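This report describes the fold, side-chain contacts and surface of one protein chain. Please consult the sequence and the structure while reading.

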Amino acid sequence: MDKPNNKYTISGYSFSNKGDYERALKEKEAISYIVANTNMADMKSVLKVYNRSVEKKSFQTVLGLEFVKNMRKSLINSGIVSEDTIQAVPVPPASGSKTVKADSSITQDMAEKYKLAYENEHAGRTIRNMAIVFLVVIIGAMIFITYNSKYSVFTYFTDYKTNMENELVDQYQEWRNQLEEKEKELDEREKALGNK
């Protein structure tokens, strides 16, 4: 806050009373919030903020009006709208009238709406990021399991068919050896029983 000679000074503007000064402070906070949470290089976003500000007459002090006027200049210079089609900046009634006091709550409401919208978007972004991380972990686990599997997509172009055939032959050979051993045992038992 700037307070050189006058106790009601902000950004080089001196206000005659505390009410106007406090309103200017609120508008300065609203402007900071809008600039921090809006992509001011995206003219479509700027146009939305501009139209909402003009329709709701959100800014009443010289700080707010200067901000709206600068948005208007940027929009016209970008070519997104022409000077004939864009809404004019509304001039507030003189200080001390009843409408100025009533509109201070509008600026505060607008700041709250922007804050709530930002928090909702931030929460949605957090949930989306968590879902992406969860899916990446699942996909990684599936790839790990598939990679470590004996017969998988990763071994398709290798000699997996030969390995499978060799395993079957080895298993068959093992069964055959077991059968031959059992036959020998049975023959020996028969001979032992036959000799008695």
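## Aromatic pairs

Three aromatic pairs are present in this structure, which is a predicted model. One of them joins Tyr-8 and Tyr-21, whose ring centres are 5.3 Å apart; with the planes at 50°, the pair is tilted. Tyr-8 belongs to the segment before strand 1 (9-10), whereas Tyr-21 belongs to helix 1 (residues 18-37), so this contact ties together parts that are 13 residues apart in sequence. Tyr-8 is buried, with a relative accessible area of 16%. Tyr-21 is likewise classed as buried, at 6% relative accessibility.

A further pair is formed by Tyr-33 and Tyr-118, with ring centres 6.5 Å apart; because the planes stand at 85°, this pair is edge-to-face. Tyr-33 is part of helix 1 and Tyr-118 is part of helix 4 (residues 98-148), so the pair ties together parts that are 85 residues apart in sequence. Tyr-118 has a relative accessible area of 36% and is therefore partly exposed.

## Overall architecture

The secondary structure of the protein chain consists of five helices and two strands. In sequence order, these elements give the pattern β-β-α-α-α-α-α. The protein chain has 196 residues, of which 21% are buried.

## Salt bridges

How many salt bridges does the model contain? The count comes to four. In one, Lys-18 is joined to Glu-22, and the closest N and O atoms are 3.7 Å apart. Lys-18 is partly exposed at 49% relative accessibility, and Glu-22 is partly exposed at 37%.

In another, the side chains of Arg-23 and Glu-27 meet at an N to O distance of 3.3 Å. Are Arg-23 and Glu-27 buried or exposed? Both residues are buried.

A salt bridge also links the side chains of Arg-176 and Glu-180, at 3.6 Å from N to O. Both residues lie in helix 5 (residues 160-195), with a spacing of four residues, or about one turn of the helix. Arg-176 counts as partly exposed, with 42% relative accessibility. Glu-180 has a relative accessible area of 37% and is partly exposed as well.

## Surface patches

Which residues gather in a patch of positive charge on the surface? The patch is made up of Lys-44, Lys-48, Arg-52, Lys-56 and Lys-113. Helix 2 (residues 43-56) supplies the largest share of this positive patch, namely four residues. Arg-52 lies in helix 2 and counts as partly exposed, at 38% relative accessibility.

A nonpolar patch on the surface is formed by Phe-134, Leu-135, Ile-138, Ile-139, Met-142 and Ile-143. Together these residues have about 590 Å² of accessible area. Ile-138 is located in helix 4. With 33% relative accessibility, Ile-138 counts as partly exposed; this value lies in the range between the limits of 20% for buried and 50% for exposed residues.

Most residues other than glycine have a negative phi. Ser-11, although not a glycine, has a positive phi of about 50°. Ser-11 is located in the loop between strand 1 and strand 2 (13-14). The relative accessible area of Ser-11 is 37%, so this residue is partly exposed.

Where is Lys-57 found? Lys-57 is in the loop between helix 2 and helix 3 (62-78). Lys-57 has a positive phi of about 50° and is not a glycine. At 44% relative accessibility, Lys-57 is classed as partly exposed.

Notes: Residues numbered from 1 in each chain as written. Predicted model: local features only at pLDDT ≥ 70, side-chain atom pairs only at ≥ 80, totals over all residues. Heavy atoms only, no water. Patch = residues over 30% accessible without salt bridge, like charges linked within 9 Å, V, L, I, M, F, W, Y side chains within 5 Å. Areas by Shrake-Rupley, 256 points an atom, 1.4 Å probe, with all protein chains shown as cover. Lys, Arg positive; Asp, Glu negative; His and termini not counted. Charge placed at Lys NZ, Arg CZ, Asp CG, Glu CD. Buried < 20%, exposed > 50% of the residue type's maximum accessible area, 1.4 Å probe, protein only. Phe/Tyr/Trp six-rings, centres within 6.5 Å; stacked < 30°, edge-to-face > 60°.
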